[in-house]
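Biologist: I'm new to this one and would like to learn how to read it. Could you walk me through it, feature by feature?

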Number of protein chains: 2
Amino acid sequence: MKTIGIIGGGSLGLLFSAYLSDCYDVTLYTKTKTQAKCINENGITLHRQGEHHTKKVSAIPLEKNIKEADLIIITVKQYHLKEIIPFIKTLTIHTPLLFIQNGMSHIEILKNLPQSTLYLGTVEHGAMRTNMDSVHHTGIGTTRIASYRGEMESILPIVNFPWVIETDWYGMLVKKLVVNALINPLTALYRVKNGQLIHNSYFYKTMRLLFEEIAAVLKLDSAFNYWENALGVCSRTSTNQSSMLKDIQEGRQTEIDAILGYIQTQAAEKRTSTPIVDFLYGSIKGIEEEKGD
Amino acid sequence: MKTIGIIGGGSLGLLFSAYLSDCYDVTLYTKTKTQAKCINENGITLHRQGEHHTKKVSAIPLEKNIKEADLIIITVKQYHLKEIIPFIKTLTIHTPLLFIQNGMSHIEILKNLPQSTLYLGTVEHGAMRTNMDSVHHTGIGTTRIASYRGEMESILPIVNFPWVIETDWYGMLVKKLVVNALINPLTALYRVKNGQLIHNSYFYKTMRLLFEEIAAVLKLDSAFNYWENALGVCSRTSTNQSSMLKDIQEGRQTEIDAILGYIQTQAAEKRTSTPIVDFLYGSIKGIEEEKGD
């Protein structure tokens, strides 16, 4: 593997571009011409643990076809996926694609793609874009990859950035979904850091009420493990602001549709009622609307 | 009727004292010596529609017995009622008492009082205490009174402040409870003014989900009327901050126990599940705890 295309110049797109550019020929596709120009001139600056390094990366605004590559990584938010699908469809069916989105709503989109090799990824890194060409790697984690369709070979050679290969894409995504469905909306609603969901006994109880509804809809086997995993994330990221809280504070669209919206769709299919999920979904959409005014 | 005792120097206590002192000999019982001293020296200043008037009122800190009076009005918050009950019990059984609290948890306390004449009141005024001896009458409304026990005669002569006599105390309190249970916790959770619950379509939906749960627990006849009444209050007070939102913002205890706590008790008795009420109760208690830190 030599060439990698990365779609999306947000925090994850910049993080992946900066690391992978050490060993691969990376092309980053950005939403705006301004960002592409800026990165072509300055490179991408990666800040980590007090140090910073600038990496040379080639950037192109996403307005024409994407170049063929040995791997294309799609890092845009779930609610922007639809806009990039026409570009994806111009690639050959042999181009391996890796989708890194929160929630699970993107699975419906993958089903209809022509490519024969599709991977799914979840990211446990903390990353914050500070301007168009700079990213802070605030939490060193890992990237989990599983095959949705096709073999894993295309992706295995990546060496300089930690990747963990998972065998069960559904289990991998559900585990992340449960964490996102608990921590993101509750921290955004209460406007607290992740740790308060375990340190404040009342918030702990509301998180548990929410978890029980979600576990029933997703029919989680060994629900205890999912709950413990979510508590572990709250604890390890206790001083962090969740991405949804940041989105709300900065007046941006949240990923609530990809997260609780997906759970509502599953509940509707299974004819299960989810009063707390419905209430929470409406609450976050309403807060989004207030902030967007 | 000549003499009126008023217990509680909060916004309602000051408002009632200021108005009733025009025609009656009013004694106001305050929590602190400082407030009593301040009112004895300066009187109570009532601000209304750009004007202000200062009324002479006699104030006493509540630490000894309460003087007998033709009517005693208890305006303290529900969560402070227990502290004043020992004083109430020193009054003769013939002293008429009027309780003005939000929610319905105080009914349990009334059951065990020895007095033969007990009234309940709900207030539709907007009032804001701006310092120890000043109150702003921000919304001109009415006071509804119903008998919980005994005849209405003692209270009928009051003339200079609008009173509406209701025949059904339970219906009167439930109507107010429903309004308080919808507007107070939701505005405190979302940190919005009352009108946003009807102007923001998502908040409108979450209010409706909450209403349906409450209507089922309270077995409301003609639920539509209660819903329309609550919408009317949101509309008429659209630019107001609810009392619970103010309590949260100022780090004070809220009345959530008297409001949603009462609904939870009713639900437990009737073995009805109330997932949204439980979630919302925990959310407000948790936010209270955050702010109280």
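Biologist: Let's start where the chains meet. How many residues does the contact take from chain A and from chain B?

Modeller: Keep in mind that this is a predicted model. The contact draws on 25 residues of chain A and 25 residues of chain B.

Biologist: And how much area do chain A and chain B bury between them?

Modeller: About 2200 Å², with 67% of it on carbon and sulfur atoms. On the chain A side, A:Tyr202, A:Phe279 and A:Glu290 lose the most area to chain B, together 31% of what that side buries.

Biologist: Which helices of chain A supply at least two residues each to the side that touches chain B?

Modeller: Those are α5 (169–190), α7 (201–217) and α11 (275–292). The largest share comes from α11(A), with 12 residues. Sorted by class, the side of chain A that touches chain B holds 12 nonpolar, 7 polar and 6 charged residues.

Biologist: With charged residues there, how many salt bridges does the rule find across the interface of chain A and chain B?

Modeller: It finds 0 salt bridges there. What the rule does find across this interface is 10 residue pairs in polar contact.

Biologist: How many salt bridges turn up over all chains, then?

Modeller: A search of the whole structure gives 20. One to look up is the pair B:Lys55 and B:Asp22, whose side chains meet at 3.2 Å, N to O. This pair links distant parts of the chain, 33 residues apart: B:Lys55 sits in strand β4 (residues 51–55) of chain B, and B:Asp22 in the loop between α1 (11–20) and β2 (25–30) of chain B.

Biologist: Now helices. What describes two packed helices?

Modeller: You give the angle between their axes and the distance between the axes. Take α5 (residues 169–190) and α10 (residues 256–269) of chain B: they pack at about 105°, with axes 10 Å apart. So α5(B) is roughly perpendicular to α10(B). Among the residues making this contact are B:Leu177 and B:Ala181 of α5(B), and B:Ile259 and B:Ile263 of α10(B). The contact residues divide into 10 nonpolar, 2 polar and no charged.

Biologist: At what angle do α7 and α11 of chain B cross?

Modeller: Roughly 115°, and the axes of α7 (residues 201–217) and α11 (residues 275–292) come within 8 Å. That angle makes α7(B) roughly perpendicular to α11(B). Here α7(B) brings B:Leu209, B:Leu210, B:Glu213 and B:Ile214, while α11(B) brings B:Pro275, B:Ile276, B:Val277 and B:Leu280.

Biologist: How do the residues of that contact divide by class?

Modeller: Into 7 nonpolar, no polar and 1 charged.

Definitions and conventions: Residues are numbered from 1 along each chain as its sequence is written. Chains are lettered from A and ligands numbered from 1 in the order in which they are written. This is a predicted model: local features need pLDDT of at least 70, side-chain atom pairs count only at pLDDT 80 or more; totals for chains, interfaces and linings use all residues. Side-chain values use heavy atoms; hydrogens and water are left out. Contact means heavy atoms within 4.5 Å. Buried area is the accessible area (1.4 Å probe) that two parts lose on being put together, summed over both. A salt bridge is a side-chain nitrogen of Lys or Arg within 4 Å of a carboxyl oxygen of Asp or Glu. A polar contact is a pair of N or O atoms within 3.5 Å; within protein, one must be able to donate a hydrogen and the other to accept it, and residues adjacent in sequence count only if both atoms are side-chain atoms. Helices (H or I, at least four residues) and strands (E, at least two) are DSSP runs, numbered from the N terminus. Ala, Val, Leu, Ile, Met, Phe, Trp, Tyr, Cys and Pro count as nonpolar, Asp, Glu, Lys and Arg as charged, and the others, Gly among them, as polar. Axes are lines fitted to C-alpha atoms, for helices over the stretch in contact, and angles run from 0 to 180 degrees between N-to-C directions. Angles under 35 degrees count as roughly parallel, over 145 as roughly antiparallel, 65 to 115 as roughly perpendicular and the rest as oblique.
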